[in-house]
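Open the model in your viewer and keep the selection panel at hand. Each stop below gives you something to select and tells you what is there.

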Amino acid sequence: MTIFLQSLISGILIGGVYALIGIGLTIIFGVMRVINFAHGDIMMIGMYLTYNFFTLAGVDPFASIAFTIPLMFLFGAFLQKTFINRVLGALPQNQILLTIGLGLIMSNTMMFIYTSDYKILTTPYSSSSFNIGAISISWPLAISFLITAAITLLLYWFLMRTDTGQAIRATAQDREAAQLMGINVKRMSILAFGMGAALAGTAGALVSPTYYIFPQIGSTFTLKAFVITVLGGMGSIVGATIGGVIIGVAESLGAVYISSGWKDVVVFVLFLLVLLFKPAGLLGKSKM
């Protein structure tokens with residue numbers, strides 16, 4: 001039972017960060033109906049930003065999100081206005097090819113600058129933990145989860161309670177109707193992509209103390225983001241949150257009870273079962 005609880009809690013903690021990645025992709029898809037295959041690479045940029053803040057300026061990885069969030073928002077807004085906006089009305093395959101191309105440019109640019117060597121952020125608390133009874137909890141994972149929870153709640157309040165947030169939700173529900181009601185849907189698209197990039201970059205900063213940093217890591221997290229988004233229900237922030245936690249728990253339990261090499265297989269089997277029995281995702285057609 002102790003091993004089970006240990007694995008369950010660890011899965012929930014890492015699942016919270018996974019949820020942040022999924023929420024970013026969900027916002028982008030919900031507002032623009034663009035399948036962003038560069039999402040994981042945007043997260044990778046956030047990881048390298050955190051690495052630079054830590055190595056060059058001595059800024060703690062968790063404290064660096066104060067700089068990462070606005071910088072990644074601006075980067076996402078630039079990508080949307082310069083590239084993504086041009087293919088909003090194009091065929092889906094054109095959108096996919098564009099985002100894949102942007103991801104390749106990002107990863108290869110980072111490889112050119114930093115080479116393909118793995119980078120490690122070593123902080124005083126990287127391998128530290130605290131105990132609750134017989135259960136050991138990692139400090140980096142616990143801090144990441146608390147920050148993720150705070151950002152998620154703040155984002156939910158923003159979308160539900162502010163005029164801009166409601167305009168974003170209206171654009172996600174019906175783009176043409178929102179435009180007829182006087183909402184600047186182009187501006188909402190820029191905000192949505194910027195927010196999605198900021199969330200991805202923040203997730204990158206939060207996992208930096210516990211993950212190796214290298215240019216190709218983005219592809220791994222892109223796949224996780226899609227699984228989380230589809231699992232929870234495309235366009236649902238609550239669904240992405242639940243999906244992220246489920247994926248984190250499935251990975252953790254799979255690594256303990258089956259094999260660490262098979263944990264991704266467990267995730268994809270779960271994903272396929274959801275697609276077979278509930279193709280719309282756990283929360284169906286729910287909207288933001």
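**Before you start**

This is a predicted model: local features need pLDDT of at least 70, side-chain atom pairs count only at pLDDT 80 or more, and totals for chains, interfaces and linings use all residues. Residues are numbered from 1 along each chain as its sequence is written, and side-chain values use heavy atoms, with hydrogens and water left out.

**Stop 1: the annotated segments**

Keep 12–35. This stretch is 88% helix and 0% strand, with its end C-alpha atoms 27 Å apart. Helices here are DSSP runs of H or I with at least four residues; strands are runs of E with at least two; both are numbered from the N terminus.

Now switch to 134–159. Here the chain is 81% helix and 15% strand. The end C-alpha atoms are 40 Å apart.

**Stop 2: α2 against α3**

Two packed helices are described by the angle between their axes and the distance between the axes. Select α2 (residues 39–57) and α3 (residues 65–82). They pack at an angle of about 140°, and their axes are 11 Å apart. The axes are lines fitted to C-alpha atoms, for helices over the stretch in contact, and angles run from 0 to 180 degrees between N-to-C directions.

Which hand does the crossing of α2 and α3 have? The crossing is right-handed.

Show side chains next. From α2, Ile42, Ile45, Gly46, Leu49, Thr50 and Phe53 make the contact. From α3, the partners are Phe67, Thr68, Leu71, Met72, Phe75 and Leu79. Contact means heavy atoms within 4.5 Å. By class, this contact has 9 nonpolar, 3 polar and no charged residues. Ala, Val, Leu, Ile, Met, Phe, Trp, Tyr, Cys and Pro count as nonpolar, Asp, Glu, Lys and Arg as charged, and the others, Gly among them, as polar.

**Stop 3: aromatic rings**

The whole structure holds 11 aromatic pairs. Rings of Phe, Tyr and Trp (its six-membered ring) pair if their centres lie within 6.5 Å; planes under 30 degrees apart count as stacked, over 60 as edge-to-face and the rest as tilted.

Select Tyr118 and Phe214. This pair is stacked, at 4.4 Å centre to centre and 10° between the planes. Tyr118 is in the loop between α4 (92–114) and β1 (129–132), and Phe214 is in the loop between α8 (185–207) and α9 (217–232), so the pair ties together parts 96 residues apart in sequence. Phe214 is buried, at 16% relative accessible area. Buried means under 20% relative accessible area, exposed over 50%, and partly exposed in between (1.4 Å probe, protein chains only).

Then pick Tyr18, Tyr211 and Phe221, which form one aromatic cluster.

**Stop 4: Thr171**

Thr171 sits in α6 (residues 163–173). It is buried, with a relative accessible area of 1%. Its C-alpha atom is 5.8 Å from that of Val31, 140 residues away along the chain. Beyond neighbours within four places in sequence, Thr171 contacts Val31, Ala178, Ile183, Val185 and Met188.

**Stop 5**

Val249 lies in α10 (residues 237–257). It counts as buried, at 14% relative accessibility. Leaving aside neighbours within four places in sequence, Val249 touches Leu8, Gly11 and Ile12.

Buried or exposed? Glu251 is buried, at 5% relative accessibility. With neighbours within four places set aside, its contacts are Tyr18, Lys224, Lys263, Asp264 and Val267.

**Stop 5: positive phi**

Arg33, in the loop between α1 (2–32) and α2, has phi near 55°, a positive value in a residue other than glycine. Arg33 is partly exposed, at 36%.

Finish at Thr115, in the loop between α4 and β1. Its phi is positive too, about 65°, although Thr115 is not a glycine.

Technical notes: A crossing is left-handed if the near helix is turned anticlockwise from the far one by less than a right angle, and right-handed if clockwise.
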